[in-house]
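Welcome! Take a moment to look over the structure below, and then we will go through it together.

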Amino acid sequence: MRTTLRNALGTPVSPAEWNRADGFSPGSALLSRVPGIDLGRTGATPVTDIGASLRADAPIVIVDTATGERWPYWAELDANAPDDRKALIVRPARNFREGHHYAVALRNLRDASGAAIPPNPAFAKILGPALPSTDPLAERQRAESAVLADLAAHGVPRDGLYLAWDFTVASRQSLTGPMLRMRDDALKDLGDRSPSFLVTQVTDGVDDRIAREVKGVVWAPSYLDQPGGLPGSALHRGADGLPSRLPGNSQAVPFQCEIPVSALTTPARPALYGHGLLGNEGEVDAGNVKAMAAEHGFVFCATKWIGMADEDIPNAVSALVDITRFSTVADRLQQGLLNFTFLGRAMTRGFARDKAFQDASGRPLIDTGAPLTYDGNSQGGIMGGALTAVSPDVRRAVLGVPAMNYSTLLNRSSDFSTYAKVLDVFYPDKLDQQIGLSLIQMLWDRGEANGYAWHMTGDPLPGTPSHQVLMHVAFGDHQVAPVAAEVEARTIGARIHAPTVTPGRSPDKVPYWGIPTFGASTDGSAMVVWDSGSPAPPLTNTPPTEGRDPHSDPRNNANARRQKATFLKTGETVDVCNSAPCVITP
């Protein structure tokens, strides 16, 4: 890969980490700049009518060149940019398939007056007669001929073309291979044993719900290039380019566990908990987590999502100063997935033998016969999708207020405004920012759900069982854009609870297009939308600013927790909303 992208200091993006990839992100936004385009006059598909993207006469076409399948999407102009620097952003409504090749056509584009927008002189020349070999565009014309042939073969002629191009999506090995190498290497050495751990603090009688809080450290092999894998570390790689452990390098994995009072009578089921944005393991003592533990008999243990934990904030900011540094965020996230895996092994194979997890008679407070599960919220819902896909132990996971693909999420999140100020200083051109976010996503895929979504439920990764997930989405969420959760649901094959929302609440022509529904219950993966009455999000790539933020409402609702518990215990998503939309009174 080559790029001319530079920050305000003149530092170019170094392509080394991107050159490890064999294709683009499966969630890639397709970026172009079309001066003067009016999406309404053009008839381009908006986020409210995704089904229109598959019309035979759609002005934007994405086609899988091997299968001929037309791919669903929505198109938007960057609402954060001045008119002369607005990117035309085309976002897949379902992730592109790994390793597949796609052709893209922009055609019959129109300006605000309704006049046709002609191709620029360079592309018009490419569309014309064969160029002599001395022409600077001759090589590009030859390459483009294959793209035009692919489009023509699938019903998209040259007439009216403004621009056409093609791209290949990264393979499964490229996306998940490094993480699987780390997991398999580490678990091969561990065998069926518990990893080493040390309990550092035990607090009894926490409150009327929690009998005991236990803190400590689990040790996991570290595949980072600094002793202890501090923030800013990158993966240490062997001669084959895959992660390799420096001799003796270990990661101290801090944990905090909340054991419910009910465990003193009946041992509690083991569950991992994933914290929110740039947080830490201490979030496991939040009121909603304690309520879930007490009401439904779970012991929750949490650790940090290193790479995006509180200790990583300075490094994350540095990655917005120079996006080359983002590889260190993605690398620590992969180590974080391994850390969660090792904490899970300690919960199911080691903790019950320690007196900190036993009652006064020595009886374990953790049910060692129950399967390990996962529950996480916000960032924990996003990262939990990746953990679910790679975990050999977690079969069922609840992803609270989740989504995937940060390149879609950031502009739409109220949480990003502070960090966007850094990006504005060092990459002030809004067109550069969209290019930068797309580049960052190619690395982020290695450590978040977007790179693992095709294997999160069906088609499990090698050495991994199939999984089920339950997604709880907050209608009008200010922090995690629900539209990106819908992309995730389509990709993983989840069904959506119906009736989903009260008629008139969704601005979409066909609400939740392309997601099959279920009524009373379903045994597969599912998505449930919880509506607290907040306004629908903006239809642009900007964060919500109106009404209250419902982001925390699902986890704080007793019915939602009951639904989560049933799913984690049985794999069944049951209707807890009396055959009506799931409504929460804040």
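A crossing of two helices is left-handed if the near helix is turned anticlockwise from the far one by less than a right angle, and right-handed if clockwise. Keep in mind that this is a predicted model, where local features need pLDDT of at least 70, side-chain atom pairs count only at pLDDT 80 or more, and totals for chains, interfaces and linings use all residues. Residues are numbered from 1 along each chain as its sequence is written, and side-chain values use heavy atoms, with hydrogens and water left out.

- The crossing of α7 and α11 is right-handed.
- Helix α7 covers residues 326-349 and helix α11 residues 430-444; they pack at an angle of about 30°, with their axes 9 Å apart (axes are lines fitted to C-alpha atoms over the stretch in contact, and angles run from 0 to 180 degrees between N-to-C directions).
- The two helices are therefore roughly parallel to each other (angles under 35 degrees count as such).
- On the α7 side, Phe326, Ser327, Ala330 and Leu333 make the contact, meeting Ile440, Leu443 and Trp444 of α11 (contact means heavy atoms within 4.5 Å).

**The whole chain**
- The protein chain has 13 helices and 20 strands (DSSP runs: H or I of at least four residues for helices, E of at least two for strands, numbered from the N terminus).
- Its C-alpha trace spans about 85 × 55 × 40 Å along the principal axes.
- Of the 586 residues in the protein chain, 58% are buried (under 20% relative accessible area, with a 1.4 Å probe and protein chains only).
- Among contacts with a separation of 6 or more, 75% come from residues 24 or more positions apart.

Terms used
Angles under 35 degrees count as roughly parallel, over 145 as roughly antiparallel, 65 to 115 as roughly perpendicular and the rest as oblique. Buried means under 20% relative accessible area, exposed over 50%, partly exposed in between (1.4 Å probe, protein chains only).
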